[in-house]
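The sequence and structure come first.

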Amino acid sequence: MPVGAVQSVARLYEEHKRLSSELNSKIHSRSTIGNRIRDSTGDTKEAAKEEAKTLKADISSLQQILEDIDDELHSLALSIPNDSHPDVPIGPENAAIIMGTYGPECVPASSSRDHVSVGRTLNLIDLEAAATVTGSSWYYLLNEGALLEMALTQYALSKAVKHGFKPVMTPDVVKADIAMRCGFQPRDEGDPPVHQMYHLQSTALAQPELVLSGTAEIPLAGMFANKIYQEKELPLKFVGFGRAFRSEAGARGADTRGLYRVHQFTKLELFVVCAQEKSEGMMEEMMNLQVDILNGLDLTMRVLDMPTEELGASAYRKHDIEAWMPGRGSWGEISSTSNCTDYQARRLHIRYRRTSLAEQASPSILSPSTPVDVAIPFAHTLNGTAAAVPRLLVALLENGTRFDDAGKVVGLNLPETLKPFWLGPVDSPLIRWT
């Protein structure tokens with residue numbers, strides 16, 4: 001957000017009101033001066049004509065100034081992030097609060113469990129061929145690695161569907177405008193501009209700017225744009241399957257090694273549209289589903305209430321789930337869920353018609369500008385990760401590596417919950433179901 005954006009919006013808004021009042025006054029004067037011109041003669045008529053010319057020029061000038069202020073106001077307003085929940089910790093990432101821990105004891109950190117070396121030894125990944133074909137931070141999944149991705153997506157999808165989420169196959173290409181309305185900046189304005197998303201070139205001048213979607217959240221949110229729902233239709237719960245594309249501009253260091261931070265990956269995304277007073281409860285429901293999915297994978301994990309500097313533009317509150325990754329020797333994010341309240345709904349015009357105006361909403365989750373008795377308020381939207389495949393692969397490989405007596409990597413232990421979704425031979429010597 002630009003420095004002083006909020007103050008600039010307030011200043012420009014007051015300026016807009018003042019100039020609008022002045023413009024209306026001049027337009028009113030212009031509407032009456034015609035009668036003076038018709039009813040007068042001689043010098044009085046000429047003076048009225050000159051006044052009409054001056055008014056015309058003034059009106060044109062004010063209209064242009066107001067148009068410029070509108071454009072600046074719109075740009076600044078879009079850059080202002082959502083409010084944050086009163087209980088959100090204030091500060092950087094290390095201010096996060098641990099809400100709960102799950103799973104077995106942490107496996108001791110060891111470089112022998114590094115997912116890159118394990119994946120190469122077991123012939124599950126090929127980073128070198130991908131570097132030749134595309135570049136760094138791209139990858140091939142091979143053999144049981146490919147089967148593991150399919151099993152993970154089917155497993156997570158089955159869990160989401162059982163919890164009432166409707167499956168959607170989303171487009172991976174979206175309009176840059178839709179991404180921006182969801183709170184994603186396709187590029188950071190700088191010198192030179194930094195692209196945070198992959199942009200598609202078009203030879204058609206009238207074609208809107210298109211980008212590769214960074215998450216299925218964007219096309220899922222766009223499904224509901226410009227629609228009004230009946231309150232009894234809510235909540236709308238969907239789980240979207242898509243490929244996520246991230247340019248990861250500015251990323252560096254250990255996080256860019258292997259599968260942890262890549263440019264393309266398979267992702268299952270949970271998305272909910274609900275009534276305003278229901279979003280806090282829905283966030284808890286989504287988090288319980290995510291914990292259920294990940295608990296079934298026997299991972300050591302913790303749930304964090306993320307601080308203000310980690311919320312992003314759209315999130316009112318955000319919970320992350322991190323898994324212990326012994327090969328990396330650290331915790332790594334594998335899932336998150338965000339309550340965006342009406343941030344996205346306002347920009348995408350997603351509303352609903354209240355069943356009863358007497359129903360009162362929880363004041364902690366309503367926008368200050370949204371009275372509880374509005375008949376057609378903006379909905380609240382939430383999103384969460386059901387499965388971000390590469391991060392899950394890192395966690396499963398590093399925690400499930402099997403060694404022989406000499407300490408050589410010989411196979412992989414995988415949770416029994418994935419067995420029904422395994423498309424290959426379940427008696428493979430490489431895989432042991434636990």
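## Strand pairing

Two strands count as paired if DSSP finds at least two bridges between them. Strands (E, at least two residues) and helices (H or I, at least four) are DSSP runs, numbered from the N terminus. The model is predicted: local features need pLDDT of at least 70, side-chain atom pairs count only at pLDDT 80 or more, and totals for chains, interfaces and linings use all residues. Residues are numbered from 1 along each chain as its sequence is written, and side-chain values use heavy atoms, with hydrogens and water left out.

Strand E14 (residues 317-325) runs antiparallel to E15 (residues 330-339), and nine bridges join them. Glu322 stands opposite Glu333 in E15. The hairpin of E14 and E15 has four residues between the strands, and Gly329 takes a positive phi near 70° there. E14 is also joined to E13 (residues 301-305), again antiparallel, by five bridges; Asp305 has His319 of E14 as its bridge partner.

## Burial of E14

Nine of the nine residues of E14 are buried, so the strand is largely enclosed by the rest of the structure. Buried means under 20% relative accessible area, exposed over 50%, and partly exposed in between (1.4 Å probe, protein chains only).

Arg317, His319, Ile321, Ala323 and Met325 point one way from E14, while Lys318, Asp320, Glu322 and Trp324 point the other way.

## Cysteines

With a disulfide taken as a pair of cysteine sulfur atoms within 2.5 Å, the count is zero. Cys274 is in no disulfide: the nearest cysteine sulfur, that of Cys340, is 11 Å away. Cys274 is buried, at 1% relative accessible area, whereas Cys106 is partly exposed, at 38%.
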